[in-house]
Amino acid sequence: MIKILESFKKNIGILAVLCFCYFISSELLKYVLNLNTLIYNNLAENLTTEQIEKLFMQARKWQLLGYVLLPLLLFLKTQIIAGVLGIGAYLFNKKITHKTLWGIVLKAEFIFLLVGVLKIVWFNFFQTNYTLEDVQFYYPLSMLSVVGNNNLEPWYIYPLQTLNVFEIVYWIVIALLIDKALKENSNSGIKIVASSYGPALLIWVVSIMFFTLNMS
């Protein structure tokens with residue numbers, strides 16, 4: 001029981017650090033790329049100064065709410081993924097606890113923080129003349145960054161963003177950590193990830209595509 005509590009506290013600690021890193025990444029991205037000015041200039045074409053200020057106040061409130069809900073959202077996301085991986089482990093008759101899988105998913109989640117870092121590097125040193133749309137749609141090392149978003153149907157954007165190097169590394173890291181937890185040198189980890197998280201991700205992407213198609 002004590003070991004379970006210690007493991008849970010450790011995972012909660014990782015979750016707290018992850019949330020803090022996401023918060024810093026988001027604020028840093030907004031500050032370094034001067035997003036408020038880009039948004040203001042974009043809105044100024046159609047709205048008055050008073051209307052823009054009201055929108056900024058509302059947006060800030062929603063952003064603060066998002067930061068408050070971030071721990072819950074990351075908790076739910078990582079718990080669901082850990083549960084899905086647990087199903088994969090069960091299919092291959094591998095014994096690994098949910099708390100171990102949750103810890104693995106939490107550690108792997110740090111990979112996606114690099115997206116914000118590379119965005120800052122790209123727009124600060126390479127594409128210095130950029131618009132709000134450029135920042136919104138740019139996803140480093142993804143298929144979308146290769147094909148671009150010009151004349152692209154909206155429902156294609158998310159799947160092309162999801163096809164990225166970070167997602168591949170995410171799979172590999174989870175697979176390696178699962179193998180380490182199982183104390184095996186086999187390919188059990190990648191089999192578990194591919195047979196469980198893979199289909200779940202595909203269903204999620206298709207759902208987002210369907211939702212976007214119906215909303216557009």
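Student: Leaving aside neighbours within four places in sequence, what is Ser-25 in contact with?

Tutor: Ser-25 is in contact with Leu-113 and Gly-116. Keep in mind that this is a predicted model.

Student: Thanks! And where does Ser-25 sit?

Tutor: Ser-25 is in helix 1, which covers residues 2–32.

Student: Is Ser-25 buried or exposed?

Tutor: Buried: the relative accessible area of Ser-25 is 18%, and the cut-off for buried is under 20%.

Student: Let's zoom out. How many helices and strands are there in the protein chain?

Tutor: The protein chain has ten helices and zero strands. Its C-alpha trace spans about 60 × 40 × 35 Å along the principal axes.

Student: What percentage of the residues count as buried?

Tutor: Of the 216 residues in the chain, 34% count as buried. As for contacts with a separation of 6 or more, 67% of them are between residues 24 or more positions apart.

Student: On to charges. How many salt bridges does the structure hold?

Tutor: It holds three salt bridges. Side chains of opposite charge can pair when their charged atoms come close.

Student: Which residues are linked in a network of salt bridges?

Tutor: Glu-27, Lys-30 and Arg-60 are linked that way. Lys-30 and Glu-27 meet through their side chains at 3.5 Å, N to O. Both lie in helix 1, three residues apart, which is about one turn of the helix. Lys-30 is buried, and Glu-27 is buried too.

Student: And what about Glu-27 with Arg-60, how far apart are the closest N and O atoms?

Tutor: In that salt bridge the closest N and O atoms are 3.5 Å apart. Glu-27 belongs to helix 1 and Arg-60 to helix 3 (residues 49–91), so this pair ties together parts 33 residues apart in sequence. Arg-60 is partly exposed, with a relative accessible area of 33%.

Student: Which side chain does Glu-109 meet in a salt bridge?

Tutor: Glu-109 meets Lys-77, at 2.7 Å from N to O. Glu-109 lies in helix 4 (residues 98–109) and Lys-77 in helix 3, so the pair ties together parts that are 32 residues apart in sequence.

Student: Nice. What is the relative accessibility of Glu-109?

Tutor: Glu-109 has 1% relative accessibility and counts as buried, whereas Lys-77, at 35%, counts as partly exposed.

Student: How many positive and negative side chains does the chain have?

Tutor: There are 16 positive and 12 negative side chains, and the centres of the two sets lie 17 Å apart.

Student: Now the surface. Which residues form the nonpolar patch?

Tutor: Among them are Leu-118, Trp-122, Phe-125, Leu-141 and Val-165, and the patch has about 870 Å² of accessible area together.

Student: Where does the largest share of the patch come from?

Tutor: Helix 5 gives the largest share, seven residues. Helix 5 (113–126) and helix 9 (165–182) each supply at least two.

Student: Last one: what is phi near for Asn-34?

Tutor: Phi of Asn-34 is near 55°, again a positive value in a residue other than glycine. Asn-34 is found in the loop between helix 1 and helix 2 (35–43), and it is partly exposed, with a relative accessible area of 41%.

Technical notes
Residues numbered from 1 in each chain as written. Predicted model: local features only at pLDDT ≥ 70, side-chain atom pairs only at ≥ 80, totals over all residues. Heavy atoms only, no water. Helix = DSSP H or I, 4+ residues; strand = E, 2+ residues; numbered from the N terminus. Buried < 20%, exposed > 50% of the residue type's maximum accessible area, 1.4 Å probe, protein only. Contact = heavy atoms within 4.5 Å. Patch = residues over 30% accessible without salt bridge, like charges linked within 9 Å, V, L, I, M, F, W, Y side chains within 5 Å. Areas by Shrake-Rupley, 256 points an atom, 1.4 Å probe, with all protein chains shown as cover. Salt bridge = Lys/Arg side-chain N within 4 Å of Asp/Glu carboxyl O. Lys, Arg positive; Asp, Glu negative; His and termini not counted. Charge placed at Lys NZ, Arg CZ, Asp CG, Glu CD.
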